[in-house]
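Welcome to this guided tour. Open your viewer, keep the selection tool handy, and follow along one stop at a time.

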Amino acid sequence: MSAVKLEDIARQLGVSISTVSRALSGNGRVGEKTRQRVLAAVQESKYTVNAVARSLRLRDARNIGIIVPDISNSYFAAVIKGAQEVCRQSGYALMVCNSDEDRSFEEEALRTLLEKQASGLILASVGGCAELLGQYAYHDAPIVFIDNIPQGVNAADVVSIDNFAAARELTRAMLARGYREIGMITGPGDQSTGSLRRAGFEQALVDAGLAPRPEWVLEGDFRMASGRACMESILRLEERPRAMIIAN
């Protein structure tokens, strides 16, 4: 059996192809009775929308790409779930990519989503590639950064927290409990989430008249294995901190 086409449904119902298309997309004026007839015919014929042809015609693949550094991290898992919920409500598909905290994997994912003509991008960057991000702007595909802002990106749409203030308040809370010898395991210094949390921690110490101890501040990569390795290094010191601030 040959695949059912839009023209076949239009011919069967005695309406124009554009009427069938508008009834399926929900865009444009179509009477409710006609829309119901179209939907019933589509269900009966098992017609499926040709997404590739549709995207070429409308220049909108109705795909949103999301790139996260660690899909097993509960924070990013929750972000993906929320994005998927909104995409479903709006008739978009969500394409998920995991960069595994690796810049080359992130660039590979960016290229793949460009090739797939993603309608927009949600990016938790671990560095990114300015040239590739520029291509998204060239194709009018909006980008929203979450969690981390890549270096060199100035004007951008961002959903994040005030990492500096959060780390400063956390350290102040530790100081208020009487701890003075405090260390930290930070995130990567070339990521805003790493550098800003470290800066907030250090500012809280300076405000309290304390100087950060370099040997008590180690840089991890936001994953458990590096956090464990950093903590084991600190615990091997002869003079150890009495409390720790962990960036993740």
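**Stop one: a partly exposed arginine**

Select R213, which counts as partly exposed at 27% relative accessibility; here buried means under 20% relative accessible area, exposed over 50%, and partly exposed in between, with a 1.4 Å probe and protein chains only. This is a predicted model, where local features need pLDDT of at least 70 and side-chain atom pairs count only at pLDDT 80 or more, while totals for chains, interfaces and linings use all residues. Residues are numbered from 1 along each chain as its sequence is written, and side-chain values use heavy atoms, leaving out hydrogens and water.

A salt bridge is a side-chain nitrogen of Lys or Arg within 4 Å of a carboxyl oxygen of Asp or Glu.

How many salt bridges does the structure hold? The structure holds 13 salt bridges. Select D100 and R223 for one of them, where the closest N and O atoms are 3.1 Å apart. This pair links distant parts of the chain, 123 residues apart. D100 has a relative accessible area of 34%, and R223 has 28%.

Next, pick E169 and R172, a salt bridge with its closest N and O atoms 2.9 Å apart. E169 and R172 are three residues apart in helix α8 (residues 163-176), so about one helical turn separates them. Helices here are DSSP runs (H or I, at least four residues), and strands are runs of E, at least two residues, numbered from the N terminus.

**Stop three: helix α5**

Select residues 74-90, helix α5. The expected span is 1.5 Å times one less than the number of residues; the 17 residues of α5 should span 24 Å, and the end C-alpha atoms are 25 Å apart, which agrees.

Which residues of α5 are buried? They are F76, I80, A83 and C87. Look down the axis: the buried residues of α5 fall within an arc of 70°, so they line one face of the helix. That arc is taken from the directions from the helix axis to the C-beta atoms. On the other side of α5, the exposed residues are S74, A78, K81, R88 and Q89.

Finish just after α5 with G91, which takes a positive phi of about 80°.
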